[in-house]
2 protein chains.
Amino acid sequence: MYIAAMPRAATTSDAFNAVAEPRRRAILNYLALQERPVGDIVASLGLEQPSVSKHLRVLRDVGLVHVRRDGRRMLYRTNAEAIRPLHEWTSSFERFWRHQLSRVKERAER
Amino acid sequence: MYIAAMPRAATTSDAFNAVAEPRRRAILNYLALQERPVGDIVASLGLEQPSVSKHLRVLRDVGLVHVRRDGRRMLYRTNAEAIRPLHEWTSSFERFWRHQLSRVKERAER
DNA sequence: TTGACATATTCCCATATCGGAATGTATATT
DNA sequence: AATATACATTCCGATATGGGAATATGTCAA
């Protein structure tokens with residue numbers, strides 16, 4: 001019996017993996033303000049169309065964007081709600097960097 | 001002349017890539033409260049020692065943990081400051097999920 | 001010095017990329 | 001119907017994993 005190896009997790013396994021790619025973050029930033037067709041993303045970010053479509057596919061699979069068809073165009077928009085888990089995870093460290101900061105401040109004041 | 005391909009970015013390329021791995025997030029959570037030797041992480045998280053060392057190596061390379069030697073032990077601790085960029089990126093979407101939420105609320109109230 | 005203990009690194013391998021090029025699919029226009 | 005437009009998917013190749021096993025490195029103890 002063969003047991004599957006566990007290499008790096010799929011980019012579609014969760015929002016953390018999906019957002020690790022900088023171009024996908026750029027797309028999410030771009031689509032946060034309002035929905036846009038694929039062509040606009042291609043033009044604005046200067047990426048190849050197939051590349052953008054593939055990134056959008058990953059973002060869709062983890063729920064980071066929503067889509068709707070408009071004629072022959074596909075309008076994408078960021079689903080901010082799906083970014084919340086990341087925000088919450090990072091927030092749990094907020095008090096620590098506050099502490100570290102105040103310690104640095106104290107030292108500087110002495 | 002050969003131009004290097006650009007596959008998935010290295011886990012050590014930045015904090016976003018480093019925290020994409022769930023075991024590394026678990027390690028960061030564990031080391032947030034206080035510094036700990038590698039053996040404690042192994043025992044607490046139930047991972048193999050070489051695996052933990054390798055994850056710590058990645059976290060060190062992107063500055064997410066700091067280390068100091070204590071005899072034959074290595075004491076690691078989370079450097080919360082390095083998590084801030086992720087927090088700030090996710091925070092830029094906060095107002096959007098607030099909006100989405102209020103829209104959902106409005107609809108529910110009607 | 002010789003061991004024991006704690007941690008790090010290396011080697012191997014199956015897997016999941018990411019970009020580029022080519023091709024496929026759906027909708028609109030004439 | 002035929003063509004054009006807008007996207008999506010597939011195939012390819014180079015690369016970076018992540019776990020497991022084995023081994024190396026470094027420090028303390030007798």
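Axes are lines fitted to C-alpha atoms, for helices over the stretch in contact, and the angles between N-to-C directions run from 0 to 180 degrees. This is a predicted model, in which local features need pLDDT of at least 70 and side-chain atom pairs count only at pLDDT 80 or more, while totals for chains, interfaces and linings use all residues. Residues are numbered from 1 along each chain as its sequence is written, and side-chain values use heavy atoms, with hydrogens and water left out.

**Exercise 1.** Work out how H2(B) and H4(B) are oriented to each other and which residues meet.

Solution. Step one is to find the elements: helices (H or I) are DSSP runs of at least four residues and strands (E) of at least two, numbered from the N terminus. In chain B, helix H2 covers residues 22-33 and helix H4 residues 49-61, and their axes come within 10 Å and cross at roughly 75 degrees. Angles under 35 degrees count as roughly parallel, over 145 as roughly antiparallel, 65 to 115 as roughly perpendicular and the rest as oblique, so H2(B) is roughly perpendicular to H4(B). Step two is to list the contacts, meaning heavy atoms within 4.5 Å: Arg23(B), Arg24(B), Ile27(B), Leu28(B) and Leu31(B) of H2(B) meet His55(B), Leu56(B), Val58(B) and Leu59(B) of H4(B).

**Exercise 2.** Describe how chain A and chain B touch.

Solution. Begin with the count, in which 35 residues of chain A are in contact with 35 residues of chain B. Then take the buried area (accessible area, with a 1.4 Å probe, that two parts lose on being put together, summed over both); between the two chains this is about 3,200 Å², and carbon and sulfur atoms give 62% of that area. On the side of chain A, Arg8(A), Trp89(A) and Trp97(A) lose the most area to chain B, together 21% of what that side buries.

How values were computed:
Chains are lettered from A and ligands numbered from 1 in the order in which they are written.
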